[in-house]
Amino acid sequence: METGQRQDQRTATERRRHELLEAADRVVLRDGPEASMNAIAAEAGITKPILYRHFGDKSGLYRALAKRHTDALLATLRNALDSPGDRRDRVEATLHAYLAAIETRPQVYRFLMHPADPSPDGERGFDVGRHQVPLLRRMGEDLAEVIAERLDLGPDSHQVARAWGHGIVGMMYAAGDWWLGERPFSRDQLVRSLADLLWGRLSAADDRAGSRGL
């Protein structure tokens, strides 16, 4: 097969994969963690074997959807970290960005983070449990990289940044999950409370030379 034909085939495959992910997203927005391969195949107008051909299995489709939404969330968090204002303002903007993401698309959040109960026909939703930790770890490593780039945290700066990155992600996840389920007060109040908790050493850290700061 000539190079141009192979490229055209790859482009067509990527386009089809994108269309299938769009269909999967529509089902997730409707059904949340109860989204099933049957429903996604029906939404896309194909059979399950064709869906498996593109993603391998249910786990492959979950990973593709998780990457898609995590990429978008991380871009949003980075934009918040780069927003105008002082460091406290940017910390609060980042917390707001995360909480707004899970509040405005709760079905997507539940799909990514909460396992589904078996459906009446015996089919389970996606196996969230074994993918949840890698997803959170990826977010923690990405945030750690941003912190290490921007703050001078002393001789062990890289390791401290990793501890902070994973700790902040864990805090946002646990607090956000509780808040989304109970809604005991406003998002603004939760943001202020979490920012107060973070503010100790973060307020005193120096910006790293040549960085944009945090």
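A salt bridge is taken here as a side-chain nitrogen of Lys or Arg lying within 4 Å of a carboxyl oxygen of Asp or Glu. The structure shown in these views is a predicted model, and by this rule its salt bridges come to a count of 16.

**View 1. Arg 88 and Glu 92 within helix 5.** A salt bridge joins Arg 88 to Glu 92, and their closest N and O atoms are 2.8 Å apart. The two residues lie four residues apart in helix 5, which spans residues 87-104, so about one helical turn separates Arg 88 from Glu 92.

**View 2. Arg 183 and Glu 103, a link between distant parts of the chain.** Here the side chains of Arg 183 and Glu 103 form a salt bridge, at 3.4 Å from N to O. Arg 183 sits in the loop between helix 8 (157-182) and helix 9 (187-204), whereas Glu 103 belongs to helix 5, and the pair, 80 residues apart, thus links distant parts of the chain. Arg 183 is partly exposed, its relative accessible area being 40%, and Glu 103, at 23% relative accessibility, also counts as partly exposed.

Key. Residues numbered from 1 in each chain as written. Predicted model: local features only at pLDDT ≥ 70, side-chain atom pairs only at ≥ 80, totals over all residues. Heavy atoms only, no water. Buried < 20%, exposed > 50% of the residue type's maximum accessible area, 1.4 Å probe, protein only.
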